[in-house]
Each structure stands twice: as structure tokens, then as C-alpha cells.
Amino acid sequence: MNSTRMITVTSILSLGTIVSGCEKSQDAQDQTNPNKNTDQQSLVVGFQKSQITLLVARKEKLLEQSFQNTKIEWKEFPAGPQLLEALSAGSLDIGSVGNIPPIFAQAANKSISYVAYEQVPKKALGLIVDQASPIHTLKDLKGKKIALQKGSAAHDFLNKVLVKADLKWEDISPIWLAPAEARAAFTQKSIDAWVSWDPYLNVIERDSKVRTLIDDEHFPDAYQFYIANPKFLSTHPTAVPKFIQATHEANTWIAQHPQEALNFYSKTVGLDSDIAKKYLDKRPSDITVKPIDALVIKSQQTIADTFFQEKLMPTNVDIAKAVWK
């Protein structure tokens, strides 16, 4: 067993110990309230099209194996903000998003809880311009119209780019568009640049003559998060380690079946195999889903503080308060 898997299993077992304590507390409550029903009849999972971990978990019915006698329902979303809106409203139990949507959701007093994370592969996020664009340096972005999904990982990435270029948000014209709308605007040349993530970047790089002005390899590691509805967690505290175990098994399957994973992802997402391969090649074979730790909380808090200081959010947030314990 390699060190990464040892860490993963240890994390899961540690989390299971915590949950065991929760279960004892829950048992005591149930003894005083015998009418309370904690049976998990359903689990509603939110996902985005690019997230192969959850796609494989759905394909291999890994959640069904972890959550026996539970109906698993899947709902697809175009981006993280829309997913967390549904989760906060109670129509989702758990879902996967980038690092920025939960910060904006928490600032808007949405009901969310961080439960796990995984590292985002490098070169999976970038800022592109047309091949013939006069934009050749980061300084050239001044005064330009740049499309991005508001409240997404692209939002944080563009903020880092502007800081690196010694520019402010007032120096550009952000155009808030979902990926599909942004692609249309970029193709029609009604915007000057577009910040997005894979597989959208891979597709536009193949179909159009573009240049990547800068990608996320130039910045510190970023994370993708698994977020749950707090009410769901209070009723089903044992769901988190079961969910993490299912995602671990999904990632193990991907690593052990590279060609089958490629064929499946290409067909499911509707991508040519060469595009799907580019996406999967960027993904570390030992990627794992882990419980939230202090380092990740600090990373998120730094982003939240920066967004507040840059007046990108009306109020600051305490990330630790939204972390499920």
C-alpha cells in the first residue's frame, strides 16, 4: 500500500472514530425520543459535468454499495454557485464544487458545511485570448472585457492574475457568464478574454485559435470541496465517511482502469477522446478525497479575507464555522 492510500484510509478511519462518538450521542437522543426516524431513505448528490470522480461513483454504483437500502439520486449543475444554491435550499444533500462557491455561499448566509476536499490538478484553469489578440502580457488586460463565472474558481483565479499584473478589478470589465454562454461570447469575439476550467478549455483550444495567457500552474495549490447540507448531516452523521469511502473507491477504479475510464468519460461528457485524454492526463493517479484539515481551512480563509479586502464580497466570513466537525 502506498503512502497516499495509507493517508486516505487513516483519514477515513479517523473520521469514522469521530462519527462513532456522534452515533453514541445520537443513540442517547433516540432513547429519549423513540419516535425519531434516522433511517436514510434517500441521498441526493449534486455534480458538475467535468467531475469524473462522481461520474465513476455513479457508473459503478459505489454509493449504492456504501448506502445500502438508500435511493441515490443525481442532479447535474453547470457550475458551483448553482449547485450550492440548490443545496442550501434543501434539494441536495451533498455535492462537489470549486474553492470559491462555498465562500460566496457562506457570505450570503447559505446553509452549507464543508465535509471533504481534494486537490485540483494543475493547468486545469486558465485565461485565454484569441490567437490574433493584441493582449500579450498581463498588463494588456487593462480596460478589457473578461468573461468568467461569478463566484467560481475562475473568480479567484482572475483575482490572482490581477494582483500579479498589479491591476485592480476597476481596471477591467468583468463579464459574468456561465461557461456555455462565455464560450459563445468568446467565439463571437464580443469579449476580449475568458477565464475557465477543463474540459471547457480543452474544447475551445481545439476548436478555435487561442492562446493561454496564463494558467494556474503559476499559483499555489487550489482545492475542490465536497459540501453538504447541515440539516442532512445532523440527521445522518455517518454519511460522510461512507461518502468519502465511495469517492476513494472511484478514484482507485480510475487509476486501475485508465483506458476504460477514458472511454467512459469521453462518452459520458460528450467529448472527443483526445480532449478527454488531455483532461485525464492532468489528473494525478493518486488523487484522494480527505476530511477538511487546518491547512485547507487556512487556505480558504486567506481567499475569503482577500475577497473582502478587495470589496468582492459585502461581508467577510469565518470558514471554520462552516466546517463540519
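A salt bridge is a side-chain nitrogen of Lys or Arg within 4 Å of a carboxyl oxygen of Asp or Glu. By this rule the count is 11 salt bridges. The model is predicted: local features need pLDDT of at least 70, side-chain atom pairs count only at pLDDT 80 or more, and totals for chains, interfaces and linings use all residues. Residues are numbered from 1 along each chain as its sequence is written, and side-chain values use heavy atoms, with hydrogens and water left out.

**View 1. A salt-bridge network links Arg183, Arg206, Asp207 and Asp272.** Within this view, Arg206 and Asp272 pair at 2.3 Å, N to O. The pair links distant parts of the chain, 66 residues apart: Arg206 is in helix 8 (residues 200-207), Asp272 in the loop between helix 11 and helix 12 (273-281). Helices (H or I, at least four residues) and strands (E, at least two) are DSSP runs, numbered from the N terminus. Arg206 is partly exposed at 37% relative accessibility. Asp272 is partly exposed at 42%. Buried means under 20% relative accessible area, exposed over 50%, partly exposed in between (1.4 Å probe, protein chains only).

**View 2. Lys59 and Glu260 form a salt bridge.** The N to O distance is 3.6 Å. Lys59 lies in helix 2 (residues 52-59) and Glu260 in helix 11 (residues 258-269), so the pair ties together parts 201 residues apart in sequence. Lys59 is partly exposed, at 32% relative accessible area. Glu260 is partly exposed too, at 38%.

**View 3. Lys110 forms a salt bridge with Glu85.** Their closest N and O atoms are 3.2 Å apart. Lys110 has a relative accessible area of 29% and is partly exposed. Glu85, at 42%, is partly exposed.
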